[in-house]
Amino acid sequence: MTEYLQNNEDTIAALATPAGVGAISVIRVSGPKSIEAVDSIFDGAVKLIRANTHTIHYGRINYANEVIDDVLVSVFRAPNSYTGEDSIEISTHGSQLIVEKLIKSLLEKDIRLAEPGEFTKRAFLNGRMDLAQAEAVVDVINSRTEASLRGARNQLDGLLSAKVDSLREMLINSSSMLELELDFAEEDFEFLPKDKVIEKIDEIIFEIEKLLQTYSFGKVIRDGVNVALVGKPNVGKSSLLNYMLKESRAIVSEIPGTTRDVIREEFSLDGILFRLYDTAGIRLTEDAIEKEGVFRSRDAVKNADVVLFLNDIIDGFAEDLYKELKQLIKEDKILKIVNKIDLLHNHNIECDVEISAKTGEGIESLFKAMKQKAIGSESYSERGAVVSNLRHFNALKKAKDHLVQAKDSVKSGMSGEFIAVDLRNAESSLGEIIGKVTTEDILNNIFAKFCIGK
Amino acid sequence: MHFDLIVVGGGHAGIEASHAAAKMGVSVGIVTMDKTAFGRMSCNPAIGGSAKGHLVHEIDALGGVMGQIADRSGIQFRVLNKSKGPAVWAGRSQSDKKLYSVEAAKIISSTENITIVEDSVIEAIEEDRKIVGIRTLKGNEISCKALIVCSGTFLNGLMHTGLKSTRGGRFGEQPAVGLTESLIKMGFESGRLKTGTPPRLKLDTINYDILEEQPGDENPQPFSRRTDKTKFPFLPQISCWLTKTDGTVHQILEKGFDRSPMFRGLINGVGPRYCPSIEDKIVRFSDKPNHQIFLEPEGLDSDLIYVNGFSTSLPEEIQREAIAKIPGLENAEMVRPGYAIEYDYFPSYQIDLSLETKLIKGIYFAGQINGTSGYEEAAGQGLVAGINAALKILGRKEEFVLKRSDAYIGVLIDDLVGKTINEPYRMFTSLAEHRLLLRQDNADRRLYEFGHRYGLISDDEFKEMKEREVLITKSKDLFEEIKFKPDEINNLLESKATNLIDNAEPVSKLTKRPELNLRDLLQELDHEKYPLVKSLLANEKALEQVEIELKYEGYIQRQQDLIKKMEKLEEVKIPESFNFLKLKTISNESKEKLHKVRPRSIGQASRISGVSPSDISILLVYLKN
Ligand SMILES: Cc1cc2nc3c(=O)[nH]c(=O)nc-3n(C[C@H](O)[C@H](O)[C@H](O)COP(=O)(O)OP(=O)(O)OC[C@H]3O[C@@H](n4cnc5c(N)ncnc54)[C@H](O)[C@@H]3O)c2cc1C
Ligand SMILES: Nc1nc2c(ncn2[C@@H]2O[C@H](COP(=O)(O)OP(=O)(O)O)[C@@H](O)[C@H]2O)c(=O)[nH]1
């Protein structure tokens, strides 16, 4: 018996900040022995075992007669902590060595290293968060830009859960009415007239569609946007790339491991992460000499959310390259650009945006056009409920399909028991999002995605 | 005296329990207070109806006897909900109340291995938490290996009309005293429930001229697959009559509300599902100006009319006054007022899905004692308890448990074990989430397997079903393949006023059109070329199955998808020794519930009322660790 419970009786510890970066590292300890254990290696003005919840204490960590570091220790007492258990957070200087020693000293105090996601799992087990919220923790951890953090936070705050839950309530109401009617078949009660049923279903479909539409936005803020730069040699691809990186004044990092053939850079603009792939003028169709490069360029294009197709104002529209491009990607993902407009006043080249990578003219419009291509024309606020998780998106889509089915059934005069099948299925799909319908797969999925320390 | 199995009670539960166990080869003593009252219909003289008809078909497919008794004593047969889909078609019969009892007694006394004991059980005896015997009012002690208690409404029964109350188990019968107390001594918890019945009127004092007649179906269908169709119906068929209440009637009834014991109990937070008393209907559906009333003769030579839809326990004078205002009943003589009965039941978290009590090995509860109401509900439980008790006595290490996706009976018992019941539980279509698959027409396909395994369904019946199964599968496959060309079928389509086709379409697709039926389509095929079609046309039952499965294929498929999803949770088993009280992280209320019910799978746990989905997620995570 105790074997299933043991795990939660354990006290666990792990580094909670990314390893090897930052000026400060935070080590998190949680479980019944956390305060006592840390106290035994802590030397400060206050004994931690007597400290109140939510207090911070300055002191030293001593281990094996050696001072490890000066630290700040935060004390949280059950149930008012992240995990719902007694816990401690130790902030140390961000040295790999200090962190290792500290954790080692804790492990000797009957504390074990946490498994990936274990802190969050405990929070979930202790009723500190629901499933959608636990899932959002993964997203918070993995978020690279401000907007994606906000999106994840808003899920953590339960906006999506609340919305989905209210839709589910509406559905349950309608389906129970229909089912109730089956029970009173003899007595000709009509609890919910059929046109009302359609009205209700439409209302729910409408709300689901609104949520579905936030997905491209949600996905964009979560995953970022892949942009491929395509054009003949010397149209100004590298110039544009450099200009954009400079303009955005954001993370500029060359990702190690990419060859010169396809350069990948990242920058963030209004909280959206853009990943730029410069195909460096490589042809997209097979060519013996450049085989490897061709391969990579094609990949960059295929995976792109937006393709910037550059043309030189002097040389005109590169028809042949465009043709090759169209075979790799849908046309609506391509932005046709004319570059070097500083050189000539007039042109009749077909294009969406005109720029000069040299003077910066038109770059703002280019940014706008890129954002629009990635997100779609609607404008969203991250402050409403946003769907940014594929699992949620699919569940919503399934729910919608079932509702459309149900509507068809009503229209074709099917009786209540048929309509109820699809309403129930829709309800179950919605329930999966917020954990009202739990299946093992969902749980496994969620807790497997964590890294240690969360 | 000794019997392998003692069954307490000769009601609907007791009959099925004794019959099934005896057929399985154990010696059965059925102890009942009045041996002329086997299967007496305490309330309405009818069997079946929405969802209840399904139970009867399932009982029949498992080898039970209720369907046959109803067929033999039936004086009107109807299929309800014909305007809806086949999943909710439900058979309902009116029985001659006296004959129902006679037929039930015939079956019991002609079944080998059953001994009838006319007596009242006043005590159950246990040793080491195992049942060993009983003591009776007449002073006999009978030993046994298992005991099934089917005491109906008799345990400390108290009948109410208005604020007047009389001791009794049913009109004209004594209550059973002593057994409850003996069970409580063993550690069981008991509670009180109430149920009501309408007044009875004198047959020839009703003005039928102004009432709408409701005859039975022109082509009556029996419940039982074993009933000889050539002789059916066995009795002359009668009609019922319809009338309804109105505002004046409601006003009169309302005057008595403060003196309604039934109503007082019901008004506190009881859901709308309960088969309501008239006073309850007036309150709950207050915007409905009328309520339907069915006047049902209690038998061929009975002079009583059962006032269906008018169940009440209001004071007698109020009942009389209200009835006189109902069209057709102006001069009706009330022979007996409606009354409510209050009795002991044992909250059903104390039983397992096998209906064995968790507390004492070998004691089973079935029927009204578990908090249900209705003959069919009682019979279904009796059958399950009888089979399980016999399995145990015979030393067969299996349990007979039906899943929610197997049968309405499975839903019924799963609900009983998991849900907290504070009003009598009755079977409803809405309770069975897998209802499209749980049809009357496929009860044999769903359940013969079990019935046959326990020796309650004969080899011949089983073989016939198996062969039919093959025919069904092959036909469905074939109809995906065979295509009609436009010129082969457009004539028929035109005559049925449905769209013509331009390209060849498979039979399966055309069958889905509401205007078309499979038989007509098959007539257009070349039977020499397809011998299978010929066999199918000759097998009415198989043809019906193929047609239903093709017509509603999409819905059935989607229902199955949902079942599969849910079934995964049924497969996550919880060890018997799991200590729910040790779960630190869930609310005390859920913990208590889980501890009481001791679910065996996550699926079952998830249906316990008061256990939240997050509790279930937590349980899942624990079980995984
Ligand atoms: C007044 C009234 C109103 C009802 N209203 C409805 C209704 O509205 N709707 C509905 O669906 N159902 C109604 N019913 C319920 C229906 O009659 C029962 O649900 C059904 O008969 C229960 O079957 P059973 O086998 O559990 O018990 P019963 O049919 O009640 O049979 C119990 C049997 O057990 C015997 N018995 C009991 N205790 C002992 C003992 N200690 N020793 C020996 N023998 C014993 C009795 O003699 C009897 O034969 C009503 C019943 C009554 C009495
Ligand atoms: N006048 C002018 N020259 C440009 C512009 N963009 C790029 N160039 C020049 O064009 C040449 C090729 O540019 P480069 O960015 O290397 O092209 P790539 O081969 O497509 O990467 C360089 O000499 C750039 O200075 C522009 O907008 N205006």
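**View 1. The shell around ligand 1 draws most on β12(B), which gives 3 residues**. The model is predicted, with local features requiring pLDDT of at least 70 and side-chain atom pairs counted only at pLDDT 80 or more, whereas totals for chains, interfaces and linings use all residues; side-chain values use heavy atoms, without hydrogens and water, residues are numbered from 1 along each chain as its sequence is written, and chains are lettered from A and ligands numbered from 1 in the order in which they are written. Elements of chain B that each supply at least two residues of this shell include α1 (12-23), β12 (191-197) and α10 (375-393) (helices being DSSP runs of H or I with at least four residues, strands runs of E with at least two). Among the 34 residues around ligand 1, those that come nearest are Ala13(B), Val121(B), Gly196(B), Gln368(B) and Gly374(B) (a heavy atom within 4 Å).

**View 2. An open sheet of 6 strands in chain B, with antiparallel pairing**. The strand order is β14-β15-β16-β17-β13-β18, with β14 (212-214) and β18 (334-336) of chain B as the edge strands. β14(B) pairs with β15 (residues 240-244) of chain B over 3 bridges (pairing requires at least two DSSP bridges), and Glu212(B) stands opposite Leu242(B) in β15(B).
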